[in-house]
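Biologist: I have a structure open and would like to learn how to read it. Could you walk me through it?

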Amino acid sequence: MATTILDKAKMALRVSVDSYDSELNTYIDSAKLDLGIAGIDTEDIDELMEMAIITYCRMHFGSPDNYNQLKMSYDEQKAQMQVATGYAEWTND
């Protein structure tokens, strides 16, 4: 059985119940949209993108004491993908 991003996010958040799945799926979808707005192709999610999505979930789930640290980490992960070959959607306008 393949492990989904939701499963990985729940593991990172130490969540073992399904009652938060809807909320976490919203965060996962929001992270994908945010990455897309930043010009990152989210068609094929790899481990690096998964880590950024999980960091986004950790940043928004509950009220983490380390919100600012998580935000900086997510922003750095996103920035690295924006300039990396194979992640950014480059256009020649």
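This is a predicted model: local features need pLDDT of at least 70, side-chain atom pairs count only at pLDDT 80 or more; totals for chains, interfaces and linings use all residues.

Biologist: Let me begin with charged side chains. Which residue does the side chain of lysine 8 meet in a salt bridge?

Modeller: To call a salt bridge, look for a side-chain nitrogen of Lys or Arg within 4 Å of a carboxyl oxygen of Asp or Glu. Here the side chain of lysine 8 pairs with that of glutamate 50, at 2.6 Å from N to O. Lysine 8 belongs to helix H1 and glutamate 50 to helix H3 (residues 47-60), so this pair ties together parts that are 42 residues apart in sequence.

Biologist: Are the two partners buried or exposed, or something in between?

Modeller: For that, read the relative accessible area: under 20% is buried, over 50% is exposed, and partly exposed lies in between. Lysine 8 has 28%, so it is partly exposed. Glutamate 50 has 13%, so it counts as buried.

Biologist: How many salt bridges are there by this rule?

Modeller: The count comes to five. One of them joins the side chains of lysine 10 and aspartate 21, at 3.0 Å from N to O. Lysine 10 sits in helix H1 and aspartate 21 in helix H2, so the pair links parts that are 11 residues apart in sequence. Both lysine 10 and aspartate 21 are buried.

Biologist: And what does aspartate 34 pair with?

Modeller: The side chain of aspartate 34 forms a salt bridge with that of lysine 78, at 3.0 Å from N to O. Aspartate 34 is in helix H2 and lysine 78 in helix H4 (residues 67-83), so parts 44 residues apart in sequence are tied together. Aspartate 34 is partly exposed at 23% relative accessibility, while lysine 78, at 15%, counts as buried.

Biologist: Now the helices, please. What describes the way two of them pack?

Modeller: Two packed helices are described by the angle between their axes and the distance between the axes. Take helix H1 (residues 5-13) and helix H2 (residues 21-37): the angle is about 110 degrees and the axes are 10 Å apart. That makes H1 roughly perpendicular to H2. H1 passes H2 in a right-handed crossing.

Biologist: Which residues of H1 and H2 meet?

Modeller: From H1 come Ile5, Leu6, Lys10 and Leu13, and they meet Asp21, Leu24, Asn25, Ile28 and Lys32 of H2. By class, the residues of this contact between H1 and H2 are five nonpolar, one polar and three charged. Lys10 and Asp21, listed in this contact, are the pair whose side chains meet in a salt bridge.

Biologist: At what angle do H3 and H4 cross?

Modeller: H3 and H4 cross at roughly 155 degrees, and their axes come within 9 Å. That makes H3 roughly antiparallel to H4. Their crossing is left-handed. H3 contributes residues including Leu48, Met51, Ala52 and Thr55, and H4 contributes residues including Tyr67, Leu70, Tyr74 and Gln77. The contact of H3 with H4 has 10 nonpolar, three polar and two charged residues.

Biologist: Could we finish with one residue? What is glutamine 77 in contact with, leaving aside its neighbours within four places in sequence?

Modeller: Glutamine 77 is in contact with Met51, Ala52 and Thr55. Glutamine 77 is found in helix H4 and counts as buried, at 14% relative accessibility.

Technical notes: Residues are numbered from 1 along each chain as its sequence is written. Side-chain values use heavy atoms; hydrogens and water are left out. Axes are lines fitted to C-alpha atoms, for helices over the stretch in contact, and angles run from 0 to 180 degrees between N-to-C directions. Helices (H or I, at least four residues) and strands (E, at least two) are DSSP runs, numbered from the N terminus. Angles under 35 degrees count as roughly parallel, over 145 as roughly antiparallel, 65 to 115 as roughly perpendicular and the rest as oblique. A crossing is left-handed if the near helix is turned anticlockwise from the far one by less than a right angle, and right-handed if clockwise. Contact means heavy atoms within 4.5 Å. Ala, Val, Leu, Ile, Met, Phe, Trp, Tyr, Cys and Pro count as nonpolar, Asp, Glu, Lys and Arg as charged, and the others, Gly among them, as polar. Buried means under 20% relative accessible area, exposed over 50%, partly exposed in between (1.4 Å probe, protein chains only).
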